[in-house]
Amino acid sequence: MPPPPPPAGHGFRPAQRLLDIANAVRRDPRVPRDDLARLLAAHGETPADLAPAVFTDAAAEALRGAAVRMTAVLTEPDADRAAAALNDVFAECGARPRLSQHGGHPWHLHVDRGDDAGWADWFLASGALALAQVLTEYGRPPWGECAAPDCTVLYLGTGPGSARRYCSTACASRTRVAAHRRRKRAQQAERTGQAQPPRTAPAEHTAP
């Protein structure tokens, strides 16, 4: 399971916000508007920003579509293809970078068309910028889909150590335990087969 979103007031974390919303839409393609609003609130959006008259059902539907589009980037392991996909998003939704201080928020970076841009454009542009910064820092996409069987959670592996393959330590441990048990069963089956006496062909009988 993915980690819960950070508490309200934690600060702007656009990459984690992207993951949280993309995972929510992946779990439920029709995730309700109110659930999306709670996720956005946990990432710093104000009640006024998320009022039903502002974050409408149509805006929630557009945001779900934007999350699906960004999921295609988050499941792309190839750096060249990921960069091309992000450039496509910038070409469609991006503008010149600018600092914004709307709605009582502290100064923060925007790359969408303006403070009146729609939720989907804002989400695409901010998510693409976050992934582009990570891609240029690591030289590869340090993101992906969990490698554990039956888990489709998206992760962002920007911590220290080797490249990440799992969404959580629980999935990594579960996969290692399952692989160990498979090896033990294979070894036991091999030993059992070696312990059986070889079969001999029946003796040939010749006519008297």
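This is a predicted model: local features need pLDDT of at least 70, side-chain atom pairs count only at pLDDT 80 or more; totals for chains, interfaces and linings use all residues.
Reader: Which residue forms a salt bridge with Arg26?

Author: Glu145 does, and the closest N and O atoms are 2.6 Å apart. The two belong to distant parts of the chain: Arg26 is in helix 1 and Glu145 in strand 3, 119 residues apart. Arg26 has a relative accessible area of 31%, so it is partly exposed. Glu145, at 34%, is also partly exposed.

Reader: Where do Arg38 and Asp35 lie?

Author: Both are in helix 2, 3 residues apart, which is about one turn of the helix. Arg38 counts as exposed because its relative accessibility is 53%, while Asp35 is partly exposed at 29%.

Reader: Which parts does the pair of Arg69 and Glu92 tie together?

Author: The side chains of Arg69 and Glu92 meet at 2.5 Å, N to O, in a salt bridge. Arg69 lies in helix 3 and Glu92 in helix 4, so the pair ties together parts 23 residues apart in sequence.

Reader: Which residues form the nonpolar patch on the surface?

Author: Leu99, Trp107 and Leu109 form it, with about 360 Å² of accessible area together. Trp107 sits in the loop between strand 1 and strand 2.

Reader: Is Trp107 buried or exposed?

Author: Exposed means over 50% relative accessible area. Trp107 has 55% relative accessibility, so it counts as exposed.

Technical notes. Residues are numbered from 1 along each chain as its sequence is written. Side-chain values use heavy atoms; hydrogens and water are left out. Patches are made of residues with over 30% relative accessible area and no salt bridge: like charges are joined within 9 Å, nonpolar side chains (Val, Leu, Ile, Met, Phe, Trp, Tyr) within 5 Å. Accessible areas come from the Shrake-Rupley method with a 1.4 Å probe; for residues, only the protein chains shown count as cover. A salt bridge is a side-chain nitrogen of Lys or Arg within 4 Å of a carboxyl oxygen of Asp or Glu. Helices (H or I, at least four residues) and strands (E, at least two) are DSSP runs, numbered from the N terminus. Buried means under 20% relative accessible area, exposed over 50%, partly exposed in between (1.4 Å probe, protein chains only).
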